Amino acid sequence: MLAPLPLSIFLIAHNEADRLGATLAAVRDLTDDLIVVDSGSTDGTREIAASHGARVIERGWPGYGPQKRFAEEQCRHVWMLNLDADEVVPPALAAEIRGLFASGEPPHPAYALGIAEVFPGEARPHRLAYTLRPVRLYRRDRGRYSPSPVHDRVDLEPGATVGRLKAVIHHFSVRSLGDQLDKLNRYSDQQADDLAARGVEIPTWRLFVELPGNFLKAYFGRRHCVRGAYGFLTAMNYAISRHLRVAKHYERRIGGGGRATKRDRRAER
């Protein structure tokens with residue numbers, strides 16, 4: 001067994017018993033500081049996390065950014081790696097991360113990691129799968145997660161350079177189409193709340209173009225088209241969720257749940 005790296009690995013979780021074990025097993029040998037912050041799971045998530053050697057911490061759900069910032073504060077090492085509970089680090093990426101620390105301190109204070117979805121029926125991401133590349137590996141003294149309840153990103157201090165790793169995280173995000181749509185529907189509630197809290201008002205005309213525009217964005221721009229019929233269906237789910245975000249915002253603005261105060265400002269995409 002290889003020695004652990006000077007690296008903390010942290011996750012947030014809620015009812016992830018069916019996926020969390022594979023995520024933790026893939027990185028257990030990389031660290032001696034594995035943290036899972038759980039927000040009230042009832043399916044055995046905490047027990048699975050503990051069985052893989054994680055420190056399990058219970059905390060109610062304050063939103064994505066605040067929960068991840070809390071998890072950062074539990075880490076013992078300066079270097080941190082964040083994963084979601086449905087993301088698996090393949091051996092090639094684990095070796096690449098080890099290589100960064102082989103000669104001591106990595107050359108950059110932060111690294112962007114590719115994240116590619118693995119759909120049901122697939123063993124690995126499609127070779128043409130769309131890949132997001134957020135910062136996930138970073139020094140805690142050079143960056144922290146945004147406090148936003150809906151925007152899941154690391155804010156780096158000015159001048160911090162970002163390296164890029166070649167291997168990608170395998171993202172098993174879709175349990176089923178129904179589960180995916182339920183999750184996206186709940187997230188659209190949080191997005192509408194966030195828009196109202198920030199005083200953002202989306203122009204009414206967006207109601208009419210959000211669904212078809214975002215279907216095209218997902219199906220062609222994010223290359224769901226290479227996944228056949230299932231790619232078509234997941235692109236539709238994405239488009240519906242983006243439509244719901246705008247629809248709920250509009251409903252609240254006209255009296256169904258709060259009113260934005262700054263007009264004609266575009267929402268963040």
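Start with Arg-227: its charged end sits over the ring of Phe-119, 4.3 Å from the ring centre. The rule here is NZ of Lys or CZ of Arg within 6 Å of the ring centre and within 35 degrees of the ring normal. A word on the source: this is a predicted model, local features need pLDDT of at least 70, side-chain atom pairs count only at pLDDT 80 or more, and totals for chains, interfaces and linings use all residues. Residues are numbered from 1 along each chain as its sequence is written, and side-chain values use heavy atoms, with hydrogens and water left out.

Now ring pairs. Centres must lie within 6.5 Å; planes under 30 degrees apart are stacked, over 60 edge-to-face, the rest tilted, for rings of Phe, Tyr and Trp (its six-membered ring). That gives eleven aromatic pairs. One of them is Trp-61 with Tyr-64, edge-to-face, 5.0 Å centre to centre and 90° between the planes. Trp-61 is partly exposed at 39%, and Tyr-64 is partly exposed at 22%. That is relative accessible area: buried is under 20%, exposed over 50%, partly exposed in between (1.4 Å probe, protein chains only).

Next, Tyr-138 and Tyr-145: centres 6.2 Å apart, planes at 70°, so edge-to-face. Both Tyr-138 and Tyr-145 are buried. Phe-215, Tyr-219, Phe-220 and Phe-232 make up one aromatic cluster.

Cys-225 is partly exposed at 30%.

Last, the record: an unreviewed UniProt entry annotates residues 8–97 as "domain: Glycosyltransferase 2-like". Such annotations may be inferred rather than shown by experiment; positions follow the numbering used here, and feature names are shortened.
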